[in-house]
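Let's walk through this structure together, beginning with the strands and ending with the charged side chains. Keep the 3D view open as you read.

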Amino acid sequence: MEEFVKIFISYSWNNEIEADEIDKAFKNKGIILTRDKRNLEYKQSIQDFMELIRVHDFAILLISHNYLTSENCMYEFLEVLKEQDYLKKILPIILVEDFFNKDFKIKYIEYWRNKIREVENEIEKIYNKKCELKRSCKLNSQSDVAIERK
């Protein structure tokens with residue numbers, strides 16, 4: 001029985017043209033890439049689909065600005081990194097200039113640090129609102145008790 005190599009392509013939807021070209025080239029060689037637009041089933045969890053990257057032999061990563069700033073792309077990337085042999089699995093196609101420049105890397109580290117801060121600030125706002133509501137509830141119940149005692 002012939003075994004087929006399983007290849008997952010991870011890309012930003014903003015790079016669909018490039019993904020289509022790569023998909024077509026592999027298809028011409030008889031290799032069908034696992035791709036969201038073809039393999040993600042109706043009502044299937046997107047997260048479950050993205051986790052499938054781990055069971056593939058290889059992962060083509062179309063690395064672009066949009067890829068590096070996409071939560072979904074970063075999720076797929078982190079899923080691949082969970083594999084012990086991830087260096088053998090990753091087939092990067094770099095669509096950005098200066099990818100190996102330290103300033104380039106710093107730019108994206110700062111981008112994600114800022115995103116983390118934004119999320120932390122939102123969580124803090126929610127927490128503070130919850131605390132305010134609890135305090136007002138306590139105040140209301142205490143004034144209700146004071147009214148009942150009169």
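Strand E2, residues 58–63, runs parallel to E3 and is joined to E3 by 5 bridges. Within that pairing, alanine 59 sits opposite isoleucine 90 of E3. Keep in mind that this is a predicted model. Stepping back, you can see an open sheet of 3 strands, ordered E1-E2-E3, with parallel pairing. Strand E1 (7–10) and strand E3 (90–94) are at the edges with a single partner strand each, so one side of each has no neighbour in the sheet. On average, neighbouring strands here are turned by 20° against each other, ignoring direction.

Now look for helix H1, residues 16–28: H1 lies across E1, E2 and E3 and runs at about 150° to E2.

Side chains of opposite charge can pair when their charged atoms come close. The structure holds 10 salt bridges. In one of them, arginine 35 meets aspartate 20 at 2.6 Å, N to O. Aspartate 20 belongs to helix H1, while arginine 35 lies in the loop between H1 and helix H2 (36–39), so this pair ties together parts 15 residues apart in sequence. Arginine 35 counts as buried because its relative accessibility is 1%, whereas aspartate 20, at 31%, counts as partly exposed.

Aspartate 20 has another partner: its side chain meets that of lysine 37 in a salt bridge of 3.3 Å, N to O. Since lysine 37 lies in helix H2 and aspartate 20 in helix H1, this pair links parts 17 residues apart in sequence. Lysine 37 counts as exposed, at 53% relative accessibility. These contacts belong to a network of salt bridges linking Glu16, Asp20, Asp23, Arg35, Lys37 and Arg38.

Note on methods: Residues are numbered from 1 along each chain as its sequence is written. This is a predicted model: local features need pLDDT of at least 70, side-chain atom pairs count only at pLDDT 80 or more; totals for chains, interfaces and linings use all residues. Side-chain values use heavy atoms; hydrogens and water are left out. Two strands pair if DSSP finds at least two bridges between them. Helices (H or I, at least four residues) and strands (E, at least two) are DSSP runs, numbered from the N terminus. Axes are lines fitted to C-alpha atoms, for helices over the stretch in contact, and angles run from 0 to 180 degrees between N-to-C directions. Contact means heavy atoms within 4.5 Å. A salt bridge is a side-chain nitrogen of Lys or Arg within 4 Å of a carboxyl oxygen of Asp or Glu. Buried means under 20% relative accessible area, exposed over 50%, partly exposed in between (1.4 Å probe, protein chains only).
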